[in-house]
Amino acid sequence: MNRFKQWLYRFMYGRYGMDTLNRILSAVVFIILIVTLFLSGYPRLILSGLGFLLLAYIYFRMFSRNIYKRSKENEKVVQFFNRIKNIPKYRYFKCPTCKVKIRVPRHKGKIEITCPKCRGRFIKKT
Ligand SMILES: [Zn+2]
């Protein structure tokens, strides 16, 4: 076992390894695997082919020596998911009187907004 560990360590030296993108892809492969259990015929064939390709891609990324490129890919994906998580929780309205921008929480229905600058009131749907 120790020998295997050493071999693995040497093998993985200078290679990229696991990252967020690979974890996401692994989860997708896992889901595909489960879905294929309920399919038959061509859909099953196509989907398992897709899962296989994804798996190959995961291994390609894991063993890649182009660490810079792989981490750039990962960064893009992480940024994308961060953007989804940070879907704006606020809406911005302009006060009809003084044109100042006002930040209002989303999904509160129709509310009356009081402008912090001129105290003018107006109703908006959030
Ligand atoms: Zn105002």
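**Zinc site.** I looked up the geometry at the zinc ion in this predicted model. The site is tetrahedral, with angles of 104 to 115° among its four donor atoms; four donors get that label if all angles lie between 85 and 135 degrees. Ideal angles for four tetrahedral donors are 109.5 degrees. I then listed the protein donors: Cys95 (SG), Cys98 (SG), Cys115 (SG) and Cys118 (SG), at 2.2 to 2.3 Å from the zinc ion. Donors here are N, O and S atoms within 2.8 Å of the metal (3.2 Å for Na, K and Ca), with water not among the atoms. Along the chain, the donors are spaced C-x2-C-x16-C-x2-C.

**Ground rules.** I number residues from 1 along each chain as its sequence is written. Local features need pLDDT of at least 70 and side-chain atom pairs pLDDT 80 or more, totals for chains, interfaces and linings use all residues, and side-chain values use heavy atoms without hydrogens or water.

**Domains.** I found domain 1 at 2-85 and domain 2 at 90-125, with bounds from an automatic or database assignment. Their C-alpha centres lie 46 Å apart.

**α2 on α4.** I took helices as DSSP runs (H or I, at least four residues), numbered from the N terminus. Helix α2 (residues 20-37) packs on helix α4 (residues 67-85) at about 70°, axes 8 Å apart. Axes are lines fitted to C-alpha atoms over the stretch in contact, and angles run from 0 to 180 degrees between N-to-C directions. The pair is therefore roughly perpendicular (65 to 115 degrees). In contact (heavy atoms within 4.5 Å), Thr20, Leu21 and Ile24 of α2 meet Glu73, Asn74, Val77, Val78 and Phe81 of α4.

**α3 on α4.** Helix α3 (residues 41-62) packs on α4 at about 125°, axes 10 Å apart. I noted Tyr57, Phe60 and Arg61 of α3 against Arg70, Glu73 and Asn74 of α4.

How values were computed. Helices (H or I, at least four residues) and strands (E, at least two) are DSSP runs, numbered from the N terminus. Angles under 35 degrees count as roughly parallel, over 145 as roughly antiparallel, 65 to 115 as roughly perpendicular and the rest as oblique. Four donors count as tetrahedral if all angles lie between 85 and 135 degrees; four count as square planar and six as octahedral if opposite donors are over 155 degrees apart and all others between 65 and 115; anything else is irregular.
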